[in-house]
Amino acid sequence: GWGEKIEVYPMALGNKVGIAEIYGGDTGASLIKGWAGALDIDSALVPCSTLDRVLGNAFFNRKCLFIVDIEGVEKLLLQGASSYLDMTPKPIWFVEISIRAQQPNGVEINPDLLETFEFFWSRGYEAWTTHHENRLVLREEIIRIQSGGRDTLFGDTFIFIDESVHGVYSFAAR
C-alpha cells in the first residue's frame, strides 16, 4: 500500500543546486572522490539539489523521520537542510555516519565527523548509538575519536532526536 505514497527524486542531495560528479556505483556511489575505493574513471554527472529545495515546506509542522544513508556526504546534506533541522516539531533523523570505513585512500577518520554531529547538537538534538547498548553520544567522545582515539561507538548509525523529549523514546537494538 505504499505505492502512491512514495516519491522518487533521481538526484543527489547536498548543499547546492547544480550538477555534481558521483563516483562508483550501486549502493556505494558517493559524491566523495575515492569513497569505498571507487576509481576516478568510474564517475558520472548527476543533478544535485538541497533537501530544503526538494521538499520545500511539504512536511513543515508534521512529525517526520528522515533516514539518511548517503555515503559520506552527510555534512553537505545537512548544510542544505536547515529548514528541516530547525522546524518544529523536530524530525527524528536516523543517519549513517561512517567513522573509519569506506574513507578515501589516505583518510583514516571521517574529516567531517565532529561537524556533522555539531549540525544536530547546535539545534537542540541528542545523538544516540543504535548498536549494542543504545546510549547517548557526547561531544567529548566525538572529539576524542576524530583526533585519532579509539572508536568507542561500535557502529556507524545514529539516531538524532529533540533533546527536549529525552526519555520519551526507547531504542531497541536488533
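Five helices and eight strands make up the secondary structure of the chain, helices being DSSP runs of H or I with at least four residues and strands runs of E with at least two, numbered from the N terminus. From the N terminus on, these elements follow the order β-β-β-α-β-α-α-β-α-β-β-α-β. The radius of gyration, taken over C-alpha atoms, is 16 Å, close to the 16 Å given for 174 residues by the globule rule, so the chain is as compact as a globular protein of that length; the rule is 2.2 Å times the number of residues to the power 0.38. The model is predicted, with local features requiring pLDDT of at least 70 and side-chain atom pairs counted only at pLDDT 80 or more, whereas totals for chains, interfaces and linings use all residues. Residues are numbered from 1 along each chain as its sequence is written, and side-chain values use heavy atoms, with hydrogens and water left out.

Three strands form an open sheet in the order β1-β3-β2 with mixed pairing, where two strands pair if DSSP finds at least two bridges between them. Its edge strands, each pairing on one side only, are β1 (12–13) and β2 (18–23). Strand β3 (residues 43–49) pairs with β2 in the antiparallel sense over six bridges, and Ser43 in β3 stands opposite Tyr23.

Along its principal axes, the C-alpha trace of the chain spans about 50 × 45 × 30 Å. Of the 174 residues in the chain, 41% are buried, that is, under 20% relative accessible area (1.4 Å probe, protein chains only).

Terms used. Buried means under 20% relative accessible area, exposed over 50%, partly exposed in between (1.4 Å probe, protein chains only).
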